[in-house]
Amino acid sequence: EAAAAARPIAGTAADGAVELVEHGVTGLMSPPAQPARLAEHILALAADPGRARSLGLAARDKALAMRVDVASIMRRHEDLFRKLLNS
């Protein structure tokens, strides 16, 4: 959703996020379970609006190229929640 709105993405390298977010190209990715690193990325985006805008636009372009749509995102979220509930 952030990519479709051309917003910068700071996230963790888990599940579906890695399909869209390429670190330093379409967003900033942190390893899972490293909240301090994620916070660093969020602060870096806030401190550099030009870079944040560039990453957001690149993410939007990639999302459009991948034809990411709300229905497929919702299906992936549902799959993830089912996996988590069954583990």
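Is aspartate 79 buried, partly exposed or exposed, and what is its relative accessible area? Aspartate 79 is partly exposed, with a relative accessible area of 48%. Here buried means under 20% relative accessible area, exposed means over 50%, and partly exposed lies in between (1.4 Å probe, protein chains only).

This is a predicted model, in which local features need pLDDT of at least 70 and side-chain atom pairs count only at pLDDT 80 or more, while totals for chains, interfaces and linings use all residues. Residues are numbered from 1 along each chain as its sequence is written, and side-chain values use heavy atoms, with hydrogens and water left out.

**Salt bridges**

Side chains of opposite charge can pair when their charged atoms come close. The structure holds 3 salt bridges. The term requires a side-chain nitrogen of Lys or Arg within 4 Å of a carboxyl oxygen of Asp or Glu.

| glutamate 40 | arginine 37 | 2.6 Å |

Helices (H or I, at least four residues) and strands (E, at least two) are DSSP runs, numbered from the N terminus. Glutamate 40 and arginine 37 sit 3 residues apart in helix α2 (residues 35-47), so about one helical turn separates them. Glutamate 40 is partly exposed at 43% relative accessibility. Arginine 37 is partly exposed too, at 35%.

Aspartate 79 and arginine 82 belong to helix α4 (residues 70-86). They are 3 residues apart there, so about one helical turn lies between them.

Arginine 60 is partly exposed, with a relative accessible area of 30%. For aspartate 61, also partly exposed, the value is 45%.

**Histidine 41**

Helix α2 also holds histidine 41. This residue is buried, at 5% relative accessible area. Contact means heavy atoms within 4.5 Å. Beyond its neighbours within four places in sequence, histidine 41 is in contact with Ala10, His23, Leu28, Met29 and Ser30.

Alanine 6 has a phi near 60°, a positive value in a residue other than glycine. Its place is the segment before β1 (10-12). Alanine 6 is buried, with a relative accessible area of 13%.

Alanine 33 also has a positive phi, of about 65°, although it is not a glycine. This alanine lies in the loop between β2 (28-30) and α2. Alanine 33 counts as exposed, at 78% relative accessibility.
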